[in-house]
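Please look over the sequence and the model below before reading on. The paragraphs that follow lead through charged side-chain pairs and then the ligand sites.

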Amino acid sequence: MVGDAHRVFLPDLGPRRAGAARFRGVRLLLTSLRPEGLTEDDLTDLALLQLDAVATVQVLDDGLPGGLQVATLLPPGTDAIHRIETIPSVHQWDEDWAASIADLEAQFARAPQLQRVEGCERAILVAVTTGDAEDARRGLRELGRLADTAGLEVADRVLQRRRKLDGRTVVGQGKLQDLIVRSMHLGVEVLIFDRELSPSQLRNIAQTTELKVLDRTQLILDIFAQHAKTREGKLQVELAQLRYRMPRLAIMPTAMSRLTGGIGGRGPGETKLEINRRRAQERVTRLERQLRQLSRSRTTRRSRRERSGIPVVSIVGYTNAGKSTLLNRMTRSEVIAEDQLFATLDPTTRRMRFPEQRELVLTDTVGFIEDLPKTLVAAFKSTLEELEEADLLLHVLDASDPDVAHHLDAVQGVLAELGLEHTPQILVWNKADATDPVVLRELLQGPTGPAIDHIAVSAISGEGLDALVDRIERQLFRRGAAQAHRQADSDRVESA
Ligand SMILES: Nc1nc2c(ncn2[C@@H]2O[C@H](COP(=O)(O)OP(=O)(O)OP(=O)(O)O)[C@@H](O)[C@H]2O)c(=O)[nH]1
Ligand SMILES: [Mg+2]
């Protein structure tokens, strides 16, 4: 190739060779009329294109070749990304390239960082922020838990602060280069971004890095796909996935094909995600129709319940706060409760009986998360609408989580978006057993918003649950009366 005074344009070198630690099999040899040797741009190409080597040949005044500078990538365990070697004359350059590249690839492959958990994809988490670094760190922590739940192995976390996001690739070119080299060093095949990427950003990053690129929304959708159990839940997840993918199908066929396997490409249950655009549109229409039908029968069920006048108490809260554990404990049932995000997707309803023919309906539902993806909210509309019938919300919080204050705000935000800010609420500081007593006291003294009752409990040990039931009774059946007729816990709590 012949360049101009500033640059050389490289042709498309085709796809990278298979395997985590293979180079491209291309060595770039440059001559330059300027004496500067390898430039930053050359070194960027070395990493971005995973070249075997980049070398510059000095051109002497008489036009004959002089010395050489050769750069190669360094294997893991070294601090630097590349090694630069200076050779005084081209005539002394007798490197056996086939052997030294094979050797370098072997060093990459042997690195202990590359020994992987069987069947687990490895990922680097990337957070980019223009604002508060602490927020970004919290975002990374949560992304790590999401990745964990989705079954990915997190190899590294990267946080970049920028004055302005790069419109094309979110992070800058330098950081992308760094990510590629890290991914080679750590045997990583997936990059996960802590924000929703636009279709073109997704494509640009995937093309530049040749890695699988996921964003937070895809990760959450993937977890939902794995956890949906009921027919309605599965339909809702599939609809959300299709709505997320459709705008991304037309412009990124190659980048998308990377996304169709493994994490980020799973459909709910055995359903295979349809990626053909026209068929996808038909499927969306079908799903919407089926969900409308299901929602109608749900409304019928609900109005029957309303006529019967039984009060409804809905358990809401951030994901993993302990909502299902609380429902189980209070009603002696066995809803799946796990240390996973979004373990519950499908609403569960249980009856609790009190003396004097009093009873109530307790419901457990999908957990919330900060910046809940819009496609999900839309798809889970009918599930979330169930909350409208609640006479009382039990807002469960994980008091032992250092980010609990943010979770509180995030959940109140979602509730307000759903128009539920005026439904009576009891804040339930759960996991009291695992919380530092000083922290717990501070939480109980802290501001919770106007007229919101709050209480500390442990759904696991049962501590505080009697008092909670008292408060619920008081809120629903008026003060005083309930107290007098209470019996022992064992007679009262009963599942139906
Ligand atoms: N130490 C302690 N752990 C608890 C308590 N309550 C729940 N957990 C644990 O917290 C984790 C999440 O509990 P779940 O009941 O599944 O939480 P959830 O709010 O239903 O979560 P999602 O359905 O995933 O949104 C589980 O590992 C529970 O064992 C508690 O009072 N103390
Ligand atoms: Mg749950």
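At its relative accessibility, does D178 count as buried or exposed? D178 counts as buried, at 17% relative accessibility, where buried means under 20% relative accessible area, exposed over 50% and partly exposed in between (1.4 Å probe, protein chains only). This is a predicted model, in which local features need pLDDT of at least 70 and side-chain atom pairs count only at pLDDT 80 or more, while totals for chains, interfaces and linings use all residues. Residues are numbered from 1 along each chain as its sequence is written, chains are lettered from A and ligands numbered from 1 in the order in which they are written, and side-chain values use heavy atoms, with hydrogens and water left out.

The side chain of D178 meets that of R182 in a salt bridge at 3.2 Å, N to O, the term standing for a side-chain nitrogen of Lys or Arg within 4 Å of a carboxyl oxygen of Asp or Glu. Both residues lie in helix α4 (residues 173-186), four residues apart, which is about one turn of the helix; helices here are DSSP runs of H or I with at least four residues, and strands are runs of E with at least two, numbered from the N terminus. R182, with a relative accessible area of 26%, is partly exposed.

By the salt-bridge rule the count comes to 20. Another of these pairs is R283 with E238, at 2.8 Å, N to O, and this pair links distant parts of the chain, with R283 in helix α9 (residues 277-308) and E238 in helix α7 (residues 231-249), 45 residues apart. E238 is buried, with a relative accessible area of 3%. Elsewhere, salt bridges that share partners join E134, R137, R141 and D403 into one network.

Turning to the ligands, a polar side-chain atom of T319 lies 3.0 Å from an oxygen atom of ligand 1, and a polar side-chain atom of K431 lies 2.9 Å from an oxygen atom of ligand 1. The protein covers 89% of the 650 Å² of accessible area that ligand 1 has on its own, areas being computed by the Shrake-Rupley method with a 1.4 Å probe.

Because S324 lies in helix α10 and T344 in the loop between α10 and β10 (348-353), the pair ties together parts that are 20 residues apart in sequence. Both S324 and T344 are buried.

Notes
Polar contact = N/O pair within 3.5 Å; in protein donor to acceptor, adjacent residues only side chain to side chain.
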